[in-house]
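I opened my notebook today to look up a few side chains and how they pair. Come and read along with me.

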Amino acid sequence: MTHEYPRDSAYDSVTQGRVSALASFGLTSRQRQFLVTVMVHSGCFLERQYCAFSGTVRGQNSREFIARLLARGFARAIEPGPVRRGRIYYVHHKPLYEAISQPDDRNRRVCTLGRMVERVMILDAVLDDRRCWWLSPEADKRRFFGLMRDNWLQLEDYPHIAFGSGRQRTIRCFPDKLPIGIEKDRTDHVVFLYLVNRRLPVDFRQFLIRHAELLRFLRTWTVRLLVPRRFRKAVALYKAALREELWTPLNASVTKALETYFPSGRQGGHLGDPDDRAIRTEFRTQGMPKIQALYRAWRRRGDRVLWQAHSTCLRDDRSHGCSAVEVALLNRQYLQLAATLDHDVWAKRGAKRKSRQVGPPVSRPSPDVPSPW
């Protein structure tokens with residue numbers, strides 16, 4: 001099985017130029033295609049994913065490929081947990097990323113074990129859907145949207161986070177680092193992936209608010225939820241959050257009132273009870289989760305978030321069948337590491353976060369050797 005390249009390289013992050021750039025590393029064409037797919041989308045992979053991509057069974061072919069990566073220092077094997085039922089292979093060799101013009105890609109950086117498992121899940125979603133081409137690097141996404149007709153989007157209109165102020169202000173677009181798919185049969189349809197890693201859609205609401213301006217620019221789009229086994233019961237909450245944030249606009253008079261209420265209603269970083277009856281009624285209608293999400297986004301981006309909240313464009317897109325939400329269940333076993341994905345457990349009050357950093361083992365003195373102290 002080989003990769004299908006689009007006519008325009010802007011539609012896919014796995015381009016012929018990037019695959020050809022790895023020819024000097026002593027890999028076959030199929031191995032180079034898989035390695036580029038891993039580097040641009042996840043940075044780590046499992047052996048079964050290479051077998052699924054190449055259309056072969058697990059055996060000598062996959063073992064030789066992985067042994068070559070490890071022997072040449074292209075990748076490192078991570079053994080998660082004491083069970084040792086599998087290995088995650090983390091591609092970190094900088095010359096490989098330099099060859100595909102991605103020397104500073106965040107997939108090459110060291111991350112926690114839980115984040116690695118999330119990247120493996122995202123890679124599964126990319127490999128399972130051969131109906132789409134996929135974009136992951138920030139530059140590739142901006143290039144694709146920049147080629148669209150009537151592109152009036154500015155840098156602040158893309159999903160972004162900003163650092164600093166004034167001349168030192170830096171904007172990083174598409175900070176979620178999630179692949180965006182373009183359907184091969186109709187290239188005007190865009191698929192946005194989101195991996196569910198919490199029982200409550202707190203982060204998902206911020207994801208939708210960041211992407212709202214971009215979604216208004218598109219003709220047809222779909223938000224696809226990647227749901228691991230342990231979060232199946234949370235699907236209804238995530239669908240409700242999407243309906244509230246995108247398809248249920250606020251009243252324009254309420255958003256005008258919120259411009260005054262948000263600066264004056266803060267109590268230690270939280271919202272107090274509003275005195276205005278109209279605002280209290282809107283709180284009950286829209287629900288506090290939506291208001292809290294708007295407040296969090298307002299603290300970062302200002303009144304622009306409120307101006308977008310009463311737009312009816314996305315609601316009209318839904319009524320015309322131009323937008324949808326899908327659910328993709330992740331039914332595979334991910335090395336018995338489902339507990340490392342539960343961000344709600346990490347965020348419990350008083351709980352100490354233990355981030356397992358991937359690196360060389362720490363040497364400890366033998367208990368038989370007496371301490372000099």
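My entries below go from salt bridges to a helix and then to a surface patch.

**Entry 1: what I am looking at.** I noted at the start that this is a predicted model.

**Entry 2: counting salt bridges.** How many salt bridges does the count come to? I got 20. As a reminder to myself, side chains of opposite charge can pair when their charged atoms come close.

**Entry 3: Arg58 and Glu47.** I looked up this pair and found a salt bridge, with the closest N and O atoms 3.2 Å apart. Is Glu47 buried or exposed? I wrote down buried, because its relative accessible area is 9% and the cut-off for buried is under 20%. Arg58 is exposed, at 65% relative accessibility, and the cut-off there is over 50%.

**Entry 4: Glu79 and Arg87.** I found a salt bridge here too, with 2.8 Å between the closest N and O atoms. Both partners needed checking, and I did them one by one. Glu79 is partly exposed at 28% relative accessibility. Arg87 is partly exposed as well, at 38%.

**Entry 5: Asp128 and Arg332.** In this salt bridge I read 3.0 Å for the closest N and O atoms. Asp128 lies in helix 6 (residues 113–128) and Arg332 in the loop between strand 12 (323–330) and helix 15 (343–346), so the pair ties together parts that are 204 residues apart in sequence. I put Arg332 down as partly exposed, since its relative accessibility is 34%.

**Entry 6: a walk along helix 8.** I went to helix 8, which covers residues 202–217 and includes Val202. Gln206 has its place in helix 8 too. Gln206 is buried, with a relative accessible area of 5%, whereas Val202 is partly exposed at 32%. What does Gln206 touch, if I leave out residues up to four places away in sequence? I listed Ala293, Arg296 and Ala297.

**Entry 7: a nonpolar patch.** Val202 came up again on the surface, where it forms a nonpolar patch with Leu200 and Leu237. I noted about 240 Å² of accessible area for the three together.

Terms used. Residues are numbered from 1 along each chain as its sequence is written. This is a predicted model: local features need pLDDT of at least 70, side-chain atom pairs count only at pLDDT 80 or more; totals for chains, interfaces and linings use all residues. Side-chain values use heavy atoms; hydrogens and water are left out. Patches are made of residues with over 30% relative accessible area and no salt bridge: like charges are joined within 9 Å, nonpolar side chains (Val, Leu, Ile, Met, Phe, Trp, Tyr) within 5 Å. Accessible areas come from the Shrake-Rupley method with a 1.4 Å probe; for residues, only the protein chains shown count as cover. A salt bridge is a side-chain nitrogen of Lys or Arg within 4 Å of a carboxyl oxygen of Asp or Glu. Helices (H or I, at least four residues) and strands (E, at least two) are DSSP runs, numbered from the N terminus. Buried means under 20% relative accessible area, exposed over 50%, partly exposed in between (1.4 Å probe, protein chains only). Contact means heavy atoms within 4.5 Å.
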